[in-house]
Amino acid sequence: MINQLKPAVVWSFFDEICRIPRPSNQEGQIIDYLIKFGKDYGLETKQDKTGNVLISKKASVGFENRKTVVLQSHIDMVCEKNSDVTHDFLKDPIIPYIDGDWVKAKGTTLGADDGIGVASQLAILASNDLKHGPIECLFTVNEEMGLTGAFGLEEGFLTGKTLLNLDSEDDGEIFIGCAGGIDTLGSFEYEFDTVPSSAYAFKVSVSGLQGGHSGDDIHRGLGNANKILNRFLWQISNKLNFRLSEIDGGNLRNAIAREAWAIGTVDFDKKEDLRQFLNIYIAELENEYKGIEPNLSLSLESVELPKRLLSETLQQRLLNCIYAIPHGVIKMSHSIPGLVETSTNLASVKMQDDAIWVTTSQRSSVESEKFDIANMVESVFRLSNAKFSHSDGYPGWSPNTNSEILNIAVKTYEKLFNEKPQVKAIHAGLECGLFLEKYPQLDMISIGPTIKGAHSPDERLLISTVEKFWKHLLEILIEIQ
């Protein structure tokens with residue numbers, strides 16, 4: 001049982017949170033839980049129009065004159081599951097379990113991003129034996145699908161001028177900057193042809209990829225199921241008279257696509273050629289992704305003839321577009337060694353009622369480059385005669401190496417663990433850049449325990465780092481003057 005791990009107060013609240021459904025844009029149950037929690041503990045609790053919740057706690061005795069500190073996390077989680085798992089994220093609890101020094105979930109995302117941050121806030125609010133100044137715990141909504149809570153945060157909702165974002169995923173690292181982001185979407189209006197009665201119909205599927213966070217993991221060179229599938233479809237389209245009926249790949253804008261599939265036809269006398277092409281392609285991929293995607297799988301199965309096919313013109317526009325759209329790291333930072341500066345993610349390809357939608361997401365720590373890569377993707381949509389649009393995007397968070405809270409965090413980490421933490425910027429997006437727009441006086445850092453595989457069913461939380469994170473957080477609160 002995870003509630004028996006240490007620190008017990010944090011793990012007990014995390015266990016409770018796992019039982020509460022909290023998909024992005026569907027956070028009603030966790031909001032109700034937080035409001036009831038605040039009232040049960042006699043704490044000042046309020047909610048803004050966007051849905052963000054703020055629970056305030058008075059200072060410990062002797063700490064009344066200290067600065068007010070804002071502790072912040074987001075309450076939504078990425079809802080991803082393996083294709084062979086039955087799980088309703090709107091109803092079913094996450095099932096965490098212990099595997100060695102890791103906590104994982106059974107076939108789904110764990111929600112440690114950012115459930116462990118939420119649990120830590122609740123543990124501080126519920127405890128009566130801790131030393132700290134005045135505390136405001138900010139719980140934001142819909143971070144994962146659009147930073148809605150951070151965008152909608154009202155001026156005057158917070159009073160604290162020091163903020164600890166609890167949404168980082170690496171023990172021993174303190175983050176003082178993050179990338180900004182923007183989404184670029186393309187859509188293709190439907191055009192259909194009839195299906196020849198003599199055609200051979202099949203379904204080809206890509207599975208077994210690791211997936212992962214499109215910011216944190218983009219530098220790892222992981223496979224993108226949309227790219228891998230489309231590459232095969234493009235080849236057989238040009239060599240075997242392949243015709244496409246359905247295509248589906250990826251899911252979330254901030255996750256690297258793990259699975260994809262397509263249904264189509266070839267002439268019946270090309271059936272064996274199709275299998276030979278697939279076998280050759282599998283061998284190529286095994287060589288290209290050896291050591292990084294050991295479970296990559298491509299499968300081919302016969303299916304019933306579909307009722308319709310995409311027109312040849314639409315098929316070529318779509319497949320050429322997906323092939324040409326860039327994916328991965330575009331540029332590394334010149335000023336911060338090892339930091340990805342600019343990247344783009346081909347997140348999903350979906351056939352919806354109105355059109356075929358291709359969703360991409362761009363990130364950069366340089367605003368001009370963020371728009372440059374978004375325009376590059378737009379140009380591919382333009383060349384493909386697709387409609388396109390950009391999201392409003394969100395700003396990055398520029399590092400402040402002279403930060404007072406950074407100095408405190410570094411010194412307390414050294415004091416506790418006898419080692420220096422690494423001070424970094426992160427390629428993933430954090431809400432901090434948006435907070436600065438509303439509260440430009442904020443002094444901020446971001447910390448957290450080690451989480452791997454975020455945004456995928458491989459998400460796992462390193463148990464030993466949770467206690468370190470907790471001790472560090474409490475020591476920071478003691479030292480803030």
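**Entry 1, ground rules.** I am working with a predicted model, in which local features need pLDDT of at least 70, side-chain atom pairs count only at pLDDT 80 or more, and totals for chains, interfaces and linings use all residues. Residues are numbered from 1 along each chain as its sequence is written, and side-chain values use heavy atoms, with hydrogens and water left out.

On a 1 Å grid over the protein atoms alone, a cavity is a set of points where a 1.4 Å probe fits but cannot get out, and lining residues have an atom within 4 Å of a point. A volume is the space filled by probe spheres set on the points, which are joined across faces, edges and corners.

The largest cavity holds about 180 Å³. It is lined by 19 residues, and E143, E144, H213, A428 and G429 are the closest to its centre.

For the second largest cavity I noted a volume of about 80 Å³. Among its 13 lining residues, D171, G172, Y413, G448 and H472 lie nearest the centre. β8 (173-178), α9 (404-417) and α11 (463-479) are the elements that give two or more residues to this lining, and α11 gives the most, with 3. Helices (H or I, at least four residues) and strands (E, at least two) are DSSP runs, numbered from the N terminus.

I then turned to open space; a pocket is an open set with protein on both sides within 12 Å along at least five of seven lines. The largest pocket holds about 610 Å³. Of its 30 lining residues, D170, D216, D217, H219 and K452 lie nearest its centre. Strand β20 (422-426) is one of the elements that give two or more residues to this lining, and its share, 4 residues, is the largest.

I located E169 in the loop between β7 (162-165) and β8. Beyond four places in sequence, E169 is in contact (heavy atoms within 4.5 Å) with D113, D216, P449, T450, I451 and A454.

In α1 (residues 8-18) I listed the buried residues, including W11, F13, F14 and D15. The buried residues of α1 pack against several elements, among them α2 (28-40), α3 (112-126) and α11.

Key
Buried means under 20% relative accessible area, exposed over 50%, partly exposed in between (1.4 Å probe, protein chains only).
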